[in-house]
Protein chains: 2
Amino acid sequence: MKKEKAIIKKESWKPGTVLAPVPPVLVSCGGTRDWQPNIITIAWAGTVCSEPPIVSVSIRPERHSCTIIKATGEYVINIPPASEAKHVDWCGMVSGRDVDKFEHTGFTTGTSLKVKSPLIVECPINLECRVKKTVALGSHVMFIAEIVGVQVSKNYITRSGRLDLERCGLLAYAIGNYYRLGPLIDHFGFSVRKRKKKRLKR
Amino acid sequence: MKKEKAIIKKESWKPGTVLAPVPPVLVSCGGTRDWQPNIITIAWAGTVCSEPPIVSVSIRPERHSCTIIKATGEYVINIPPASEAKHVDWCGMVSGRDVDKFEHTGFTTGTSLKVKSPLIVECPINLECRVKKTVALGSHVMFIAEIVGVQVSKNYITRSGRLDLERCGLLAYAIGNYYRLGPLIDHFGFSVRKRKKKRLKR
């Protein structure tokens, strides 16, 4: 018997950027002879391919970091802890043309292994990225980049060598708001694994 | 005086898809004469442009939904509540070639206003998308699509006409795990707004 469902009515809204949650990351760039290190906050970021691992970040062309990344072809995605939410918000509000964001936030520049852009030491996960393709899309330019290096803060690695994501305390962005990442529900594939277990019991 | 910092050491990891959190969404497609409605779970999804609002979803070419979206040029991103985590996981584990996922999950097909693909009524936010550009990238094909319609479940809209995101109870995906979205930290721009208030007090 099909269970009776509550009737859910829909309201039509103007098309807008309501996909959620998305990762509010600190993108660091520059660090070459011509370009001082800079930081920009980006929520229009995502994974776009598994093998090779590829990400994309979208930036308005008028932003200083857009000019830097166009010139250097590389950036680092630094995944911040929720405790840095205020710095994350601030790095998206001001321009690196006017202020040294590393100096102002107190973030420490770390050495990337595969790109010239410095990483942000205080972020538990750092993805070193090399641009493969640039796509102009209306208000934003999308930089599709291969992840060529990953660095992880040792203090978040468990004895078994895994990243302790709960201790990282990640940040999420959803329709104009910053949230903490909440409690774990389960692992990828749990719906099928549990089914298999039940079958074995029979 | 600069505060003393704890020394954070880094460990280098193999490049991988560790950007987090990302949105584990249900992408519905089909619903034409040639293609039955289908659902696929995608965590490689993101916003890539604000004006016009553009998103991307990446799918392995061998997946049934990849064939459907290539043929129809449209899809709906359905943002699921955490209470549907098991169905979300399951829709990524099985193929629409073998099973009717709407039937199996009990999800209700709703009528989209701008595309032929049905939306999933039980998801509080539905983005109707029309593909603008397809980019082949190693293991995945990226479908860059304009959001041409948005529908929101009325039961999550507050009296002031805003979406009550906390009540939606969204789901997040981070490095192989599903999480609930946690508590609100603050709104976009809070770092600058608070600064302004303090200045006014002086």
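This is a predicted model: local features need pLDDT of at least 70, side-chain atom pairs count only at pLDDT 80 or more; totals for chains, interfaces and linings use all residues.
Residues are numbered from 1 along each chain as its sequence is written, chains are lettered from A in the order in which they are written, and side-chain values use heavy atoms, leaving out hydrogens and water.

Counting over all chains, you'll find five salt bridges (a side-chain nitrogen of Lys or Arg within 4 Å of a carboxyl oxygen of Asp or Glu).

Let's start with E51(B) and R60(A), whose closest N and O atoms sit 3.4 Å apart. This pair crosses between chains: E51(B) is in the loop between β4 (45-49) and β5 (54-59) of chain B, and R60(A) is in the loop between β5 (54-59) and α1 (64-72) of chain A. Helices (H or I, at least four residues) and strands (E, at least two) are DSSP runs, numbered from the N terminus. E51(B) is partly exposed at 48% relative accessibility, and R60(A) is partly exposed at 27%. Here buried means under 20% relative accessible area, exposed over 50%, and partly exposed in between (1.4 Å probe, protein chains only).

Now over to K132(A) and E146(A), which pair up at 3.5 Å, N to O. They are 14 residues apart, with K132(A) in strand β9 (residues 125-137) and E146(A) in strand β10 (residues 140-153) of chain A. K132(A) counts as exposed because its relative accessible area is 52%, whereas E146(A), at 24%, is partly exposed.

Last stop: R33(B) bridges to D34(B), with 4.0 Å between the closest N and O atoms. R33(B) is exposed at 83%, and D34(B) is exposed at 59%.
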